[in-house]
Amino acid sequence: LRLQKMIFKRFINQSLKQGGRTRRIDDVITDMANGMPLLELIEVMSGKKYSGKTLKESKLRVRMIDNINQILNFVKKDCSVSTKVVAEDLADGNETSIMGLVFAVILKYLRLDEDDDESGDIREALKLWLSNKTAGYAGVEIDSLTKSFYNGLAFNALIHKMRPKLVDYDALSPGNKEANLQQALELGEKYLNIEKFLEPSDIPKLNEVSMVIYLTDWYNGITLLQKQDIAARRIGKLVEMTILHDNMRAEYREKATTLVAWVDQKIVELSKNEFDNTLEGVQALMKEFYDYKEQEKSSKIVDHISIVALYNNLALRLANHKRPAFKAGGGLDVEDLEAKFESLEAAEVAKGGALNNELARQLKLKKVAARFKEEVKKLKDWGHHKAKEIAHEPKIELTHDAEDAIDDLGFLTADVANSKKTRLSALSKLLKVLVDEDYQHKDEVSASYGEMGEAFEGMEQSLSEKKTALEAELARQQGLDATACQEFADAVKAFQDFVKSKRAALSAGENTPLEDQLATLVASMSDMSEADSLIKTVSKKSKKQKKRGLAHNPHTNITAADVRAQWKQYELLVAKKKELLEQEIEESKRAGLTEEQMKEITDNFKYFDKDGDDKLTKRELRACLQSLGEESNPQAVKAVLDEFDGSGDGNIQSAEFMQFMIKQLGDSDSKEEIIQSFKYLAYEKDTVTASNLETVVNNKSFKDMHVDYLKKEMKECGDGYDYPTWTKEAFDR
């Protein structure tokens, strides 16, 4: 009787606690004297509420008897518990009557399965549950609720079923009864929350009534382990998500830092305008500049797109999981990177302008030098011809022959003087240009000029007139160049404004639902006619520039190739964002479940849907929940149906069951759910120990790496770790 009283006391207190009652008893017999613990017990177990005469606790026997009679009337009539106990039995502490009454209440309402008939026996239901849990374990056969447990193997099998690491079952021997029981009782107290008020020697002394009540404690303990498994799975998913997000933040900062450093260095390099004063030198620099834009910068643009995609992916995940937005700070945010590239483009425009100016200068010098050499050659040829005329000796036979020769010499002298004046003047101007512009061969041309002594003054007027005509034509051609450059720059600006508007439209909806963002994105991708038209216009204007031989546009540093590259980059960014959105939507629907988990849920549902009507009955639902390792007690089954049975017919459809499983297994967005999960592992304490964490490792949904991470990240507090603070920090970032 002593053991039976201890077991009944434990059961009553556990039942009251689970029912949300604050009352606890110290002695089953004496504390039942006023009937109030009995009333609370049957209210909790039956789910019915006493509505009779108001009861007030009293130590007066007359009032106590009256209260007990009211309670017994409720027990017998409203709760249909068959008993011959009278009020005086409770008031007088009749042990046999009180223990019999309590057991009658337990037998009436204690059910492992809500579908069990009320006329069914808890003993049979308990035996079936125990048989299922210990099936396949050597030396265990549940044919009795007493003798089957005497050697301790059954208890150890229950523990091993849920926590294989705790029990080396193959090492157990049926002959070591006391050692087996001692191990099971100690593990039960430590891990199943089963109070160790019995010794191994007490187990064989328990009658079937006591053993039934005691085994229900083990049933509740196994249920706790199932809750811990679910809790560990949720915590493991949060750990993985937190690690992933932290790694993405670190990767973004690292890549953004590297990119910003490259941009800053490149801006410094581009700002240096050092030329060697040769045409070949500036042409080499020009090639190097365009190679940089086509190769080095293109690769960095791809890096930039990748970094932005990484940021967008992280932003989507954080928003989808209701986490604070990520801010890199230190000039590393996405808008800061955009500003850096704008500064880089400004530096490129300046560099391009300086290179083109130097190239134009060198080309001009080359042209002037060529003209100078040509004029020198003509002047030498002319001088050679005139030298022959001067050397010619006329035949003079008469006076007038001499006079004629003198006249001819005068004409020749005047011709030489006039030619010398005009030709040297032109050469002097060319020479001045070459000297002023520091032409690389200026010494040579200066020497050539010194050798020249003739000019062509007679051609001065015609040359002046021709110059005027050529200047007018030059002005007209320059106007056409300016128009071509402006038209191309306008076409580029129209394209860039279009791309900016597209980017802005995508960014504007980042706080809207993922499905709406995807719809907007798909709609923007469906019609690219405007982009095609703008790109064709840019290409057409670019060809016009090239036809006119324009290598530099003073209004823009962007080329037609740049425009095509920018559009490809935009398409790449859009495609990447579409892919990310689709992934996030799918993950959101699955709430973090893998395809394998989805398949397992679907396959199990189909297996227990025996008639194939896409519905599970209450009994089928319980079996399916058990197969998936979920809570399957009556309260759990009822809770599932209450929340997910949309038709209210007591069955659950496959889609409804999937919603339930996603809620159970998916990434929890609730800080409170994670804290509750830790409470399960910590047995309601505010700190969780390393042992609490290590015990639930299964190398599937909760692994050693999860434990190592939590031990590293959580603050130590006494002999455990501060999980509430860590959970808050995880949800705050």
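Author: **The packing of α1 and α9**

In this predicted model, helix α1 (residues 2–18) packs with helix α9 (residues 208–271) at an angle of about 40°, their axes lying 9 Å apart. Axes here are lines fitted to C-alpha atoms, for helices over the stretch in contact, with angles running from 0 to 180 degrees between N-to-C directions, and helices (H or I, at least four residues) and strands (E, at least two) are DSSP runs numbered from the N terminus. The two helices α1 and α9 are therefore oblique to each other, given that angles under 35 degrees count as roughly parallel, over 145 as roughly antiparallel, 65 to 115 as roughly perpendicular and the rest as oblique. The crossing of α1 and α9 is left-handed, that is, the near helix is turned anticlockwise from the far one by less than a right angle. On the α1 side the contact (heavy atoms within 4.5 Å) is made by Q4, I7, F8, R10, F11, Q14 and Q18, and on the α9 side by V209, S210, I213, Y214, T216, D217 and N220. By class, this contact of α1 with α9 has 6 nonpolar, 6 polar and 2 charged residues, where Ala, Val, Leu, Ile, Met, Phe, Trp, Tyr, Cys and Pro count as nonpolar, Asp, Glu, Lys and Arg as charged, and the others, Gly among them, as polar.

Y214, one of the α9 contact residues, also belongs to the largest nonpolar core, which has 79 residues and in which L38, L130, F155, Y214 and W218 touch the most other members. Such a core is a set of buried Ala, Val, Leu, Ile, Met, Phe, Trp, Tyr and Cys residues joined through side-chain atoms within 4.5 Å, buried meaning under 20% relative accessible area, exposed over 50% and partly exposed in between (1.4 Å probe, protein chains only). Leaving aside neighbours within four places in sequence, W218 is in contact with W129, F155, L158, I159, A184, G188, L192 and I194. A second, separate core of 32 residues includes L259, F289, V308 and L332.

Across the chain, 44% of the 733 residues are buried, and the secondary structure comes to 25 helices and 4 strands.

As to conventions, residues are numbered from 1 along each chain as its sequence is written. Local features need pLDDT of at least 70 and side-chain atom pairs count only at pLDDT 80 or more, whereas totals for chains, interfaces and linings use all residues, and side-chain values use heavy atoms, with hydrogens and water left out.
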